[in-house]
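Biologist: Could you take me through how helix packing, a nonpolar core and exposure are read from a model?

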Amino acid sequence: MVNVFHGPSVALKILLYPMVTAAGLKRLQGQPSRFSFAFSTEELDAVVKAVQAAGCGVELLPAELLPQASYHEGRRQYRCLPVLDAARKKLSHAGGIRDKLLLLTDADLYEVGMNFTGGMAELGGHVAIVSAARFQSGDREKFVGRLLKECLHELGHLLGLEHCRDRDCVMFLSRSIADSDIKAGNFCGKCRSLLGRALG
Ligand SMILES: [Zn+2]
Ligand SMILES: [Zn+2]
């Protein structure tokens with residue numbers, strides 16, 4: 001039920017929603033995985049902490065499988081928009097009116113006209129997604145670092161932030177993994193104050 005008396009005193013909450021492949025689900029259940037881009041519950045916890053450190057309340061939703069209809073057999077990738085649509089339905093059941101959904105997946109995503117996409121967000125909207133599939137690295141710390149930066153980047157977009165010119169800022173537009181690795185993993189002073197205002 002929607003409570004029409006929700007006022008500005010209601011804290012904004014990020015619903016962190018792992019929507020994963022079958023292999024990704026096994027990894028979250030504690031089984032080892034040969035896929036280095038499948039994340040563990042500990043790595044998911046690191047994302048929760050990073051989002052909290054950015055000043056947001058977080059609720060971790062139970063992990064679910066990606067909708068099979070979003071899978072493209074020929075490309076061996078999942079299409080982004082149907083996944084976001086499925087997530088939006090989830091939000092209408094699980095969330096409050098101010099809540100925002102940050103999806104996290106191990107699947108490689110694409111959208112029409114793109115080879116792949118590492119993440120997508122509605123600017124100032126309700127739903128964003130981050131894919132870990134291209135962050136793979138033999139170095140686990142590096143993998144998690146990339147994941148956290150991309151999550152904070154899409155979170156920033158969800159809260160209305162646009163790209164930033166500061167190469168150290170997580171809101172800088174990374175055009176490659178190397179770009180992402182250069183970023184410090186935090187919001188610059190300017191973006192941080194914009195974020196503070198958005199969280200009000
Ligand atoms: Zn961006
Ligand atoms: Zn910035």
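Predicted model: local features only at pLDDT ≥ 70, side-chain atom pairs only at ≥ 80, totals over all residues.

Modeller: Residues are numbered from 1 along each chain as its sequence is written, and chains are lettered from A and ligands numbered from 1 in the order in which they are written.

Biologist: At what angle do helix H2 and helix H4 pack?

Modeller: Helices (H or I, at least four residues) and strands (E, at least two) are DSSP runs numbered from the N terminus, and axes are lines fitted to C-alpha atoms, for helices over the stretch in contact, with angles from 0 to 180 degrees between N-to-C directions. Helix H2 (residues 41-53) and helix H4 (residues 140-158) pack at about 40°, their axes 10 Å apart.

Biologist: Which residues of H2 and H4 meet?

Modeller: Contact means that C-beta atoms, placed from the backbone, lie within 7 Å. On the H2 side are Glu-43, Ala-46, Val-47, Ala-50 and Val-51, which meet Val-144, Leu-147, Leu-148, Cys-151, Leu-152 and Leu-155 in H4.

Biologist: Which residues have the most contacts inside the largest nonpolar core?

Modeller: A nonpolar core is a set of buried Ala, Val, Leu, Ile, Met, Phe, Trp, Tyr and Cys residues joined through C-beta atoms within 7 Å, where buried means 20 or more other C-beta atoms within 10 Å, exposed 12 or fewer, and partly exposed in between. The largest has 51 residues, and Val-51, Leu-102, Leu-103, Ala-128, Cys-151 and Leu-155 have the most contacts inside it. H4 gives the most to this core, with seven residues.

Biologist: Is Met-114 buried or exposed?

Modeller: Met-114 lies in the loop between strand S7 (109-110) and strand S8 (119-121), and counts as exposed because it has 11 C-beta neighbours inside 10 Å.

Conventions:
Contact = placed C-beta atoms within 7 Å.
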